[in-house]
Every structure is written in C-alpha cells, then in structure tokens.
Amino acid sequence: MKTRELLFQYGRQFGTLAGLIVLAFVLWALTPHFLTVSNLLNVAQQTTLVAIIAVGMTFVIITGGIDLSVGSVLAFAGVVMASLLQRGWPLLLALLAGLGAGLLCGLLNGLLITIGRLPPFIATLGMMSVARGAALVFTGGRPISGFADNFRWLAVGEVLHIPVPVILMLVVYMLAHFVLTKTKLGRYTYAIGGNEEATLLSGVNVRLYKTLVYGLCGMLSGLTALILTARLNSAQPIAGMMYELDAIAATVIGGTSLSGGEGKIFGTLIGALIIGMLRNGLNLLDISSFVQQIVIGAVIIVAVLFDTALRTNRK
C-alpha cells in the first residue's frame with residue numbers, strides 16, 4: 001500500500017516534467033527540426049499567451065473554482081486598450097486601461113460568486129457572454145488595427161536575443177510563485193480550496209480573498225490581451241476563442257487538482273509547454289487542427305483520470 005502511494009506521489013511531483021521530456025524526444029524522433037533553437041524559441045513564444053492566462057486560472061482552480069470567461073475578457077481588454085491608443089491616449093495610460101478592464105471583469109466575477117452566491121461555472125459563463133458581447137458592441141464587430149512601433153515592441157522586441165513576451169511570462173511566473181508560497185493571499189488561496197468552511201470559521205475573510213483571486217485572473221487576461229494585440233498589430237473582438245480550454249488544460253496537466261487545495265505554479269508552466277509542444281509538433285507533422293483538438297482533449301482526460309486515481313488512493 002505504501003509503495004503504491006509513493007509511486008502516486010512521485011508521479012504527481014515529477015510525472016509532468018517527465019512527460020514534457022518524453023514528448024520532446026518523441027517529437028524530435030518524428031521531426032528532426034523540432035529540437036532546433038529557432039523552433040524551441042518559437043514554441044516558447046507561442047506558449048506565452050496561454051501560459052500567462054493559466055497563471056490566473058491556477059489561482060482560481062486552487063480555490064476550488066473555475067473561470068470560463070478568460071478568453072472573452074481578453075478580447076474586451078484588448079479592444080478597450082486599442083481604442084484608447086487610436087484616440088491618442090499616452091501608451092502607458094492605454095496599457096493600464098487594458099489591464100484595468102481585465103481586472104474589473106475579474107472582480108465582477110468574484111463579487112457574483114462571493115456576494116451573489118452564484119456557482120463559479122454560472123457566473124463566469126455569464127461573464128464570458130457579457131465580455132464578448134461588449135467587445136463586439138464596442139467595435140461594431142470590426143478589428144482595430146495599426147499601432148506605433150513602441151507598442152509592438154511588447155510582442156516583437158528582444159532583450160539579449162530573448163523575445164520580450166517570453167521575459168514577461170517568466171516574470172509573471174516568478175511573481176506568482178512568490179505570491180502563492182510567501183504571502184497571505186497564497187496561503188488563503190490554498191486554505192479556501194482545501195476547506196472553505198473551516199477557513200471561514202478561522203476568521204479569514206473568504207469573500208475578499210476569493211474576489212481578489214478572480215480579479216487577478218481577469219488582470220492577467222488583460223496582460224495577455226496587450227501582448228496578443230501587439231503581436232497581431234490588431235485588436236480583434238473575436239480574439240481569445242477557446243483560450244479558457246487551453247488555460248484549464250495547462251493547469252490540470254500541470255498537477256493542479258480540479259477539487260481545489262492543491263497545485264504548483266511552475267507545474268502550470270510545464271503544462272502550458274506540453275500543450276505548446278503538442279501543437280507545434282503536430283503542425284510540423286502537418287496534422288490538422290481538428291485532430292489536434294482531439295489529442296489535447298485526450299491529454300486532459302488522462303490528467304484528470306490520474307488526479308482522480310490519486311485521490312481514490314488516498315482514501
């Protein structure tokens with residue numbers, strides 16, 4: 001019994017990393033171009049968007065919740081920021097407005113869940129529709145294009161030959177790791193997901209911290225919107241479709257339990273890299289995007305089955 005439990009624990013801690021390494025070698029064997037420096041940098045850049053959104057999703061899922069609105073919030077924050085830039089607002093103020101739009105949507109999600117007592121699935125499903133609709137109304141359904149080079153540097157710039165989006169992603173992960181492991185917000189995030197009622201009885205303001213977690217998730221969707229808009233040189237009201245699925249997948253594959261109370265931020269980064277590698281490798285093998293969805297869906301199912309098996313084993 002102890003041996004079995006140890007195997008599950010080691011699998012939990014190192015299985016995702018081992019899976020990433022095995023996947024890299026399998027794709028290298030199938031397509032030698034995969035393990036070139038230029039392609040790996042390409043994978044890192046492609047992974048950036050989902051990886052940053054998945055940070056917020058990790059916090060939310062650790063509390064035992066879910067956020068289905070991240071893709072729509074991304075689109076809304078992007079068009080808000082882009083429209084202000086085109087109206088001549090200073091770059092910094094427009095960027096802050098984009099982040100603020102994401103933060104506002106996230107806080108509204110938190111208030112609907114904590115004060116409105118809506119289940120996270122329903123509250124964020126509603127916000128998914130509201131934010132997408134607001135983005136379409138705001139733009140009349142048309143993209144906003146054409147930005148200055150200093151804004152596009154966010155997506156195409158490099159520092160010491162490292163793409164700026166990759167640097168931003170690493171900074172976000174280091175900050176998130178610090179918050180999750182060293183601050184009161186991080187401790188209460190785990191406590192709420194582990195046992196919300198006990199956390200409430202111990203005097204913690206559960207409503208406040210859950211709302212902050214959803215606000216953080218929305219703000220990171222706003223940050224992703226800034227990078228995506230700079231990369232495309234266009235803010236699209238239909239941007240971010242299916243990003244919620246990829247963010248949830250990266251979080252779950254990275255070892256965060258859908259039941260809440262467990263998860264590590266760098267596990268999410270590995271989960272995002274696995275999804276990025278899968279997409280890149282399947283593209284190099286000229287496999288259709290429809291099949292890619294099937295493969296990624298299957299990977300999610302395996303990850304959830306593993307999580308369920310671990311919990312059953314503990315009981």
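This is a predicted model: local features need pLDDT of at least 70, side-chain atom pairs count only at pLDDT 80 or more; totals for chains, interfaces and linings use all residues.
Local features require pLDDT of at least 70 and side-chain atom pairs pLDDT 80 or more, while totals for chains, interfaces and linings use all residues. Residues are numbered from 1 along each chain as its sequence is written, and side-chain values use heavy atoms, without hydrogens and water.

Contacts of F151 (heavy atoms within 4.5 Å) include M81, L85, L226 and A230, with residues up to four places away in sequence not counted.

Two salt bridges are found, defined by a side-chain nitrogen of Lys or Arg within 4 Å of a carboxyl oxygen of Asp or Glu. In one, D246 and R279 meet at 2.9 Å, N to O. D246 belongs to helix α11 (residues 243-253) and R279 to helix α12 (residues 265-284), so the pair ties together parts 33 residues apart in sequence. D246 is buried at 8% relative accessibility (buried, under 20%; exposed, over 50%; partly exposed, in between; 1.4 Å probe, protein chains only). K210 and E196 form a salt bridge at 3.4 Å, N to O. K210 is buried at 10%, whereas E196 is partly exposed at 35%.

Four aromatic pairs are present, with ring centres of Phe, Tyr and Trp (its six-membered ring) within 6.5 Å and planes classed as stacked under 30 degrees, edge-to-face over 60 and tilted otherwise. F25 and W28 pair edge-to-face, with centres 5.9 Å apart and planes at 70°.

Methods:
Helices (H or I, at least four residues) and strands (E, at least two) are DSSP runs, numbered from the N terminus.
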